[in-house]
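Please look over the chain shown here before reading on.

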Amino acid sequence: MNDTLVLPADDVAERIVRHFQAEGFAGITEALIVRIRLIKGDRQEVEAAFDRSVDLDVTPPVREFFEIRPYGHFSEERDFSAVKAAFAGDFGVGLRRDLPAIYFDDAPVVVDDALATGTKYDAMLKLRDNAGGYAMAILLNDPNSSFFEYLGTHRAYDWQQIMGDFGAAATAFAQDADLL
């Protein structure tokens, strides 16, 4: 689905969705690429705060430590304005809890939210190491959970082919709308 806002990696998001669909996973209909920046703290401080949120059974303090900005979007179901309006609900606690791993760990990092339904994002992937203080992550909407089937059957997948020149594009980010 198209709207008037064009993000730098919209074409990459579409390639990701089309790749999985071509592999037989029609349930993957949306990819949102986000750029994540650490606002404050170091790994130890961030992980301690996120661990406390788990212990207290509260939402992790994402906004306190991270800025999440859109970088690319493709969906067959909804335009970017709908994604942006629903992001706080669609980026579930299951994925939020693993944000420190996405930011601090070396790629590849793949996390899932087994409880995600409807438009909520089921998977978050970091396929390249951080560049310029930013981590790039891909959020997938996969209501049929076919992405994890895909990983199980494609152990030698070629992310370079899917991503194109994602690393170079990541350094040219110009969008300034924080998602959370």
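Leaving aside neighbours within four places in sequence, D90 is in contact (heavy atoms within 4.5 Å) with R78, T119, K120 and Y121. D90 belongs to helix α4, residues 80–90, where helices (H or I, at least four residues) and strands (E, at least two) are DSSP runs numbered from the N terminus. At 5% relative accessibility D90 counts as buried, a term that means under 20% relative accessible area, with exposed over 50% and partly exposed in between (1.4 Å probe, protein chains only).

**Basis of the model**
- This is a predicted model, in which local features need pLDDT of at least 70 and side-chain atom pairs count only at pLDDT 80 or more, while totals for chains, interfaces and linings use all residues.
- Residues are numbered from 1 along each chain as its sequence is written, and side-chain values use heavy atoms, with hydrogens and water left out.

**The sheet**
- Five strands form an open sheet in the order β2-β1-β5-β4-β3, with antiparallel pairing; two strands count as paired if DSSP finds at least two bridges between them.
- Strands β2 and β3 (109–112) stand at the edges with a single partner strand each, so one side of each is left without a neighbour in the sheet.
- From one strand to the next, the twist averages 20°, with axes taken as lines fitted to C-alpha atoms, for helices over the stretch in contact, and angles running from 0 to 180 degrees between N-to-C directions.
- Helix α1 packs on the sheet, where α1 touches β1, β2 and β5, and the direction of α1 makes about 60° with that of β2.

**Strand pairs and side chains**
- Strand β1 (residues 30–38) runs antiparallel to β2 and is joined to β2 by nine bridges, and the bridge partner of R35 in β2 is R69.
- Strand β2 (residues 66–75) is mostly covered, since 10 of its 10 residues are buried.
- Eight bridges pair β1 with strand β5 (residues 134–141) in the antiparallel sense, and E30 stands opposite N141 in β5.
- Four bridges pair β3 with strand β4 (residues 123–126), also in the antiparallel sense, and D112 stands opposite A123 in β4.
- In a regular strand the side chains alternate between the two faces of the sheet.
- I33 is placed in strand β1 and is buried, with a relative accessible area of 0%.
- Although I33 and M124 are 91 residues apart along the chain, their C-alpha atoms are separated by 9.4 Å.

**Helix α1**
- The 13 residues of helix α1 (residues 10–22) should span 18 Å at 1.5 Å a residue, and the end C-alpha atoms are 18 Å apart, which agrees; the expected span is 1.5 Å times one less than the number of residues.
- The buried residues of α1 are D10, V12, A13, I16, V17, H19 and F20.
- After α1 comes G24, whose phi is positive, near 100°.

**The chain as a whole**
- The chain has nine helices and five strands, which follow the pattern α-β-α-α-β-α-α-α-β-β-β-α-α-α along the sequence.
- Of the 180 residues of the chain, 48% count as buried.
- Among the contacts in the chain with a separation of 6 or more, 71% come from residues 24 or more positions apart.
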